[in-house]
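Please read it with the coordinates open.

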Amino acid sequence: MNTIPKLPDEFLALCQSVTAKRPKAVIDHILQHGFVTTEELKEQYGYNHPPRAARDVREHGIPLETFRVTGRDGRKIAAYKFGDPKKLRFRKLSGRTGLSKTLKEQLIQQYGCQCFIYLEDMDERELQIDHRIPYEVGGEPELVPENFMLLSSSANRAKSWSCEHCENWNSLKDRKICVSCYWAYPENYSHIAMKHVRRIDLLWQGDEIATYEKLKAQAIRFDKEIPAFVKEIIEKEIKKKR
């Protein structure tokens, strides 16, 4: 039988202040049962990426611990329970949800109103503030623009998925590894989530869309996927200039 530890009133107050659907579901389940499994998050709540739901809770300043339990099929699966209440981050600006409007304005003034990953000009309302170094690795940084980045929702999801599947996120916790990662500093990196790869994200906007459609038509004509076709064009141009 699972014993649910008594939690400090201050801890409970913060838990009850969370209203966003995904983290609230995790918190309420743990408050009732002591822990929640990835199996339950998928089947009972429909969250196909449980680590993202757990991260939502942590970003509200609530510590979670990951441990292993036996699933219904007999295999070991992950589960989450509250961590040490003493590690609760009682800071007005802790976590993504509390990052201030002033900080966002400073980021836009310094870097422009665009996604750091896709370099896409966007409306301010569509940009989200994210830590360059994930909180789970680097902790809460000083609230200055240099420690944060602006991301579109799709870039934020891509970064979250990649980071949460990285060995550094899950076990090493070495800040220096994050500093040299694409997801923290896309302008100057040596790896992507500890993998020896390089990437470039291209967007065509406005009048540029006509160029993209021509590129797409040519790729189809040569029976090639667009990324492979673009690489081929770049390689030919580089060879021409040697």
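The points below run from the whole chain to single residues.

1. **Basis.** This is a predicted model, where local features need pLDDT of at least 70 and side-chain atom pairs count only at pLDDT 80 or more, while totals for chains, interfaces and linings use all residues. Residues are numbered from 1 along each chain as its sequence is written, and side-chain values use heavy atoms, with hydrogens and water left out.

2. **Overall build.** The protein chain has eleven helices and five strands. Both are DSSP runs numbered from the N terminus: helices are H or I with at least four residues, strands are E with at least two. Along the principal axes, the C-alpha atoms fill a box of roughly 70 × 45 × 30 Å. Of the 242 residues, 40% count as buried. Buried means under 20% relative accessible area, exposed means over 50%, and partly exposed lies in between (1.4 Å probe, protein chains only). Among contacts (heavy atoms within 4.5 Å) with a separation of 6 or more, 57% join residues 24 or more positions apart.

3. **Domains.** The chain divides into domain 1 (9-87), domain 2 (101-180) and domain 3 (207-241). These bounds come from an automatic or database domain assignment. Between domain 1 and domain 3, the C-alpha centres lie 46 Å apart.

4. **Largest core.** In soluble globular proteins, nonpolar side chains tend to be buried together. A nonpolar core here is a set of buried Ala, Val, Leu, Ile, Met, Phe, Trp, Tyr and Cys residues joined through side-chain atoms within 4.5 Å. The largest one has 24 residues, and Leu107, Cys115, Ile117, Leu150, Leu151 and Trp183 touch the most other members. Two or more residues each come from α5 (101-111), β5 (148-151) and α7 (153-164). Strand β5 gives the largest share, four residues. Apart from this core lies another, of 19 residues, including Leu7, Ile27, Ile30 and Ala53.

5. **Leu150.** Which residues does Leu150 contact beyond its neighbours within four places in sequence? They are Lys104, Leu107, Ile108, Gly112, Gln114, Cys115, Phe116, Leu127, Gln128 and Ile129.

6. **α2 against α4.** Two packed helices are described by the angle between their axes and the distance between the axes. Helix α2 (residues 21-33) and helix α4 (residues 50-58) pack at about 90°, with axes 8 Å apart. Axes are lines fitted to C-alpha atoms, for helices over the stretch in contact, and angles run from 0 to 180 degrees between N-to-C directions. That makes α2 roughly perpendicular to α4; the term covers 65 to 115 degrees, with under 35 roughly parallel, over 145 roughly antiparallel and the rest oblique. Arg22, Pro23, Val26 and Ile27 of α2 meet Arg52, Ala53, Asp56 and Val57 of α4. By class, this contact has five nonpolar, no polar and three charged residues. Ala, Val, Leu, Ile, Met, Phe, Trp, Tyr, Cys and Pro count as nonpolar, Asp, Glu, Lys and Arg as charged, and the others, Gly among them, as polar.

7. **α10 against α11.** The axes of α10 (residues 208-221) and α11 (residues 226-240) come within 10 Å and cross at roughly 100°. These two helices are therefore roughly perpendicular to each other. Helix α10 brings Tyr212, Leu215, Lys216, Gln218 and Ala219 to the contact, and α11 brings Ile226, Phe229, Val230 and Ile233. The class count is seven nonpolar, one polar and one charged.

8. **Positive phi.** Leu119 is not a glycine, yet has a positive phi of about 55°. Leu119 sits in the loop between α5 and β4 (128-131). With 55% relative accessibility, Leu119 counts as exposed. Asp223, also not a glycine, has a positive phi of about 55°. Its place is the loop between α10 and α11, and Asp223 is exposed at 72% relative accessible area.

9. **Asn168.** Is Asn168 buried or exposed? At 1% relative accessibility, Asn168 counts as buried. Asn168 lies in helix α8 (residues 167-172). Leaving out residues up to four places away in sequence, Asn168 touches Val137, Lys173, Asp174, Ile177, Cys178 and Met194. Asn168 and Ile220 are 52 residues apart along the chain, with 40 Å between their C-alpha atoms.

10. **Ile209.** Ile209 is in helix α10. At 40% relative accessibility, Ile209 counts as partly exposed. Ile209 and Glu140 are 69 residues apart in sequence and 40 Å apart in space, C-alpha to C-alpha.
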